[in-house]
Amino acid sequence: MNTDLNGIAVVAAALAVAFLFAVILTPVVKRLAFRVGAVDVPTDERRMHKRPIPRMGGLAIFLGFLLSTILFAELTTPVRGMLLGAVIIVVLGIFDDIYNLSAKFKFVVQIIAALVAVLSGNVIATLSNPNIFSENPYWNLGWLAIPVTVIWIVAITNAVNLIDGLDGLACGVSTISSLTLVVIALVCSAGDVAILMAALAGGCLGFLPYNLNPAKIFMGDTGSTFLGFILAVVSVQGLFKFYTIISFAVPFLMLGLPIFDTCFAFLRRIARGQSPMQADRSHVHHRLIDMGFNQKQAVAVLYIISAILGLSAVVLTTSGALKAMILLIALCAAGVVAATIFLHNNNNGNNKKPPGQEEAPPAKQEKGVDKR
């Protein structure tokens, strides 16, 4: 019991240190963003803000996370590989926030960063078999382990980036996902995973007051891709290894909102004959705005959905006979909300404008991965 209390104290300290560093560093990063030209100027109808706002705020989250990790986490080879990959992602994000890099270039660099993490030991080697009628309960990926893990990391990196469309949305959803994994890691005595996720949650919580509506600074690609990268890599360290039997389901629940939104965005664009990377105004948060919600209400709804999915992930890993019923109810509730958003005025949802905005020209195709 004493050891458990000590472990929880270390996790709490990791969260607190990352929080304090992020709170202190965010105003510094804000001034730096103005100085280097990392400023988001509203140029189309997808952007909810009406005045230039500095981005690159994710640098404060990264620094808070990095310092807390160095202080409290054991710097094993997989952790060092993750940190090196994260540095690559953050540097890429900084340049993208300043210069708007091309999507292809960013994609290649993201693959390199993922490979750095994977070759350091962060690999999905085994998955539970979702086919309950199969005699083999596990899938041993063999040589597919490396490409499957790289695809997972790059996909989640961009999924979190794609939901960064409203003040505080991506940061808050990442906080919920991080805290979900903290709880699961503590339950299965994975203290190293709990420390990493607590550091990430602390960095997000320290940045969030500056990012909530009306935002004083955006995290930019520097932050959104960094958060997605860390969540993806740590889920490989934690969920896929410590809960093999349900490894197929839990990460998808924990990161359900960005995965759901990204899948629908890509399918929607392909169905319309567009490039999957072409920015549009039909993400889940845009739909909520079109339904009449203001930014704070839309973000609150998405926080609730993310929390429901996170709770489902915790229940799935910790409960007994009740877990199936609770999981079903939670997923049904999230599904009803999601279906309402995507089916409401589906024919003209992409053409509607947000309340209070004047008519704007159609969204332009941007050079980079979908941005604010």
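Which residues are linked in a network of salt bridges?

**Ground rules.** I am working with a predicted model, so I noted that local features need pLDDT of at least 70 and side-chain atom pairs count only at pLDDT 80 or more, while totals for chains, interfaces and linings use all residues. Residues are numbered from 1 along each chain as its sequence is written, and side-chain values use heavy atoms, with hydrogens and water left out.

**Entry 1, the network.** I looked for salt bridges (a side-chain nitrogen of Lys or Arg within 4 Å of a carboxyl oxygen of Asp or Glu). The count came to three. My opening question is settled by Asp96, Lys106 and Asp221, which are linked in a network.

I checked Asp96 with Lys106 and found 2.9 Å from N to O. Asp96 sits in helix H3 (residues 77-99) and Lys106 in helix H4 (residues 103-118), ten residues apart, and the pair links distant parts of the chain.

Next I checked Asp221 with Lys106, where the N to O distance is 3.3 Å. Asp221 lies in helix H8 (residues 220-237) and Lys106 in H4, so this pair ties together parts that are 115 residues apart in sequence.

I also looked up burial (buried is under 20% relative accessible area, exposed over 50%, partly exposed in between, with a 1.4 Å probe and protein chains only). Asp96 and Lys106 are both buried, and Asp221 is buried too.

Arg55 is in the loop between strand E2 (53-54) and helix H2 (58-72), and Asp40 is in strand E1 (residues 39-40), so the pair ties together parts 15 residues apart in sequence. Arg55 counts as buried at 7% relative accessibility, and Asp40 does so at 2%.

How do H2 and H3 pack, and at what angle? I noted about 165°, with the axes 11 Å apart. Axes are lines fitted to C-alpha atoms over the stretch in contact, and angles run from 0 to 180 degrees between N-to-C directions. The two helices are therefore roughly antiparallel (a label for angles over 145 degrees).

For contacts (heavy atoms within 4.5 Å), I listed residues of H2 including Phe62 and Phe65, which meet a set in H3 with Met82 and Ile94 among them.

Key. Helix = DSSP H or I, 4+ residues; strand = E, 2+ residues; numbered from the N terminus. Parallel < 35°, antiparallel > 145°, perpendicular 65-115°, else oblique.
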